[in-house]
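Hi everyone, and thanks for making the time today.

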Amino acid sequence: MAEAELSWVQRAADVAIEHARRSGGGTIVCESGVSPSGPIHLGNLREVMTVHFVAEEIRSRGLDAVHLHSWDDYDRFRKVPAGLDESLAEHVGRPLAAVPDPYGERDSYAAHFIAEFTDALARMGVRMREVRQSDQYPRGTYNAAIRHAMDRRGDVFDILSRFQTEGRHDQSVGERRAAYYPFKPYCEACGKDFTTVTGYDGLALAYRCRCGHAGELTLADGARISGKLVWKVDWPMRWVHESVDFEPAGEDHHAPTSSIASGSVVIREIFGGTAPYSFPYTFVGLAGGSSKMSSSTGGAAIPATALDVLEPAMLRWLYVRRTPSQSFTIDLSPRAVQRLYDEWDRFGERVEAPDASRADVHLREVCLRTSAGAVDHSRRPVSFRLLSSAADITQANTEQIDRLVRQHLPDLPGHDTLIKELEPRLTCAINYATRLLPPQERTMIRTEFHDEAWRELDDRTRDGVRMLDERIDDAWTLEGLTRLVYGVPKLLRGLPEDAPPSPELKKAQRVFFAALYRLLCSSDTGPRLPTLLLSIGQERAHHLLAGPAER
């Protein structure tokens, strides 16, 4: 297949496969990693989805590949994210896995946010081999590698210093080199990392803590330990330990002086390995924000929030449709969600066309299916605008939603089958109407005739409402009501019902529609009027349009 016909996923898989072949073959390890420092948001999801897509592509070619995911839950708790209880501040400096769950549901702070995130991933068809660093480090898994880094601490310092900005330190290079150790203990008394290594004899290290405790830690094989390598040594160490062939990283990690650059030297010169194939991905923003999302600062939308209103296959599409080098913003406002569904449905129609590009066909397949099976998506993609409007005006009554859908679409199966085929879009539409729409935008059908709104109408508009009320029974279908509500303003001006639109006529129709919305739901706007009228029913429509007989 020509390069231009390949999707970015296929091209990345090509390079990852070649990198693995040069490294000796075997299982191709594709790794992602997230620190559960707070709610794991839609920005973090890009890391995981990028690796997932590439690993799936490699598997689809009959090769052995694993998506290995590192939970960096042995990282220190740095600060309390926005929205969480400030009492958590007493745990700053402890491992994330040692901080209590602020919601009291899991065994730790880290476990809570990991479970929240992995539940969403499962709905999206993402399966990973998960490794928790809060297990790996304490049980002594890396002790031999830690001793090696400690033995070569001077060389490690020299490498990392080449990637540091000059003039940022009070001490001389020599003083800092003499005091440098690439390992940070967690104090065995207070559990925090406000510690300083004071000595190392090739097997055990001594440290002191700000709390006053002085301790000793053995790094013998199999010994349980309390502490971890510093980040820029930890990452390349684990590349070797896990035989990683592919791991993308955020563009900040790919800066010339950042962790990918230094790690590529550390892995080669200290650990004798080869850095994995990597490329930068840009950040995902959330509409209304000006910077990348951050778990530790809080306030960012999580995947579960998006899955309330987006089909799982759609959320996959948001991350696969753009190359990793392209930044994008996720907008979960009501109008933006409707536009996303419009785009997704058009994409599906484009892929079904005879002239569809191979790249588009491949990306659509990536959205809908994984090696573990089909990804949840609606088998009958009825317009989301219709479903969400129907859910709004019927207060999410599925029997009435069924009735409205049938008014718009022919040849539908029975109720139970239709509801099943509409899922998960139907549930997303109900969530949209009941959770996402702000109260002031919800459609609340009036129960009584709106006398005040009627008195405010001019004579011509009143005549139009009377005409609509008189003719509504004979036009009680979606097509008939559409023709009628658009036709009344034409008839009032002596024009035939099929008169072509003009700027003046469009303005008159807008005025007439606003009058109807005020009479029906005390608003200037709302769902499409034919759909709204069908949902109300003929008797209630007459009551709200005709009002008291003596009017």
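Before we look at any residue, one term: a residue is called buried when its relative accessible area is under 20%, exposed when that area is over 50%, and partly exposed in between, using a 1.4 Å probe and protein chains only. Please also keep in mind that this is a predicted model, where local features need pLDDT of at least 70, side-chain atom pairs count only at pLDDT 80 or more, and totals for chains, interfaces and linings use all residues. Residues are numbered from 1 along each chain as its sequence is written, and side-chain values use heavy atoms, with hydrogens and water left out.

So how confident is the predictor? The score here is pLDDT, the predictor's confidence in each residue, from 0 to 100. The protein averages a pLDDT of 93, and 96% of the residues score at least 70. Residues 289-299 are a stretch to treat with care: the pLDDT there is below 50, and the stretch has 30 contacts in the model beyond near neighbours in sequence. By contact I mean heavy atoms within 4.5 Å.

Now to the loops. When I name helices and strands, they are DSSP runs numbered from the N terminus, with helices being H or I and at least four residues, and strands being E and at least two.

Let's begin with S243. You will find S243 in the loop between α8 (231-241) and β9 (249-250). S243 is not a glycine, yet its phi is positive, at about 55°. Is S243 buried or partly exposed? S243 is partly exposed, because its relative accessible area is 47%.

D411 is another residue other than glycine with a positive phi, near 55°. D411 sits in the loop between α15 (398-408) and α16. With a relative accessible area of 76%, D411 is exposed.

Next, move along to the loop between α16 (415-422) and α17 (425-436), where P424 is found. Which residue does a cis peptide bond join to P424? That residue is E423, and omega is about 5°. E423 lies in the loop between α16 and α17. E423 is partly exposed, with a relative accessible area of 25%. Leaving aside neighbours within four places in sequence, E423 is in contact with H377, S378 and R379. For a sense of scale, E423 and Y181 are 242 residues apart in sequence and 56 Å apart in space, C-alpha to C-alpha.

P500 counts as exposed, at 62% relative accessibility. From C-alpha to C-alpha, P500 and K490 are 9.5 Å apart in space, and they are 10 residues apart in sequence.

Now for helix packing. Two packed helices are described by the angle between their axes and the distance between the axes. The axes are lines fitted to C-alpha atoms, for helices over the stretch in contact, and angles run from 0 to 180 degrees between N-to-C directions. Angles under 35 degrees count as roughly parallel, over 145 as roughly antiparallel, 65 to 115 as roughly perpendicular, and the rest as oblique.

Take α19 (residues 459-471) and α21 (residues 503-521): their axes come within 10 Å and cross at roughly 70°. That is why α19 is described as roughly perpendicular to α21. On the α19 side, T461, G464, V465 and L468 meet V511, F512, A515, L516 and L519 in α21. By class, this contact has seven nonpolar, two polar and no charged residues. Here Ala, Val, Leu, Ile, Met, Phe, Trp, Tyr, Cys and Pro count as nonpolar, Asp, Glu, Lys and Arg as charged, and the others, Gly among them, as polar.

The axes of α11 (residues 312-320) and α13 (residues 358-368) come within 8 Å and cross at roughly 135°, so α11 is oblique to α13. In this pair, A313, R316, W317 and V320 of α11 meet L363, V366, C367 and L368 of α13. The contact of α11 with α13 has seven nonpolar, no polar and one charged residues.

Finally, α8 and α9 (residues 259-269) pack at an angle of about 55°, with their axes 9 Å apart, which means α8 is oblique to α9.
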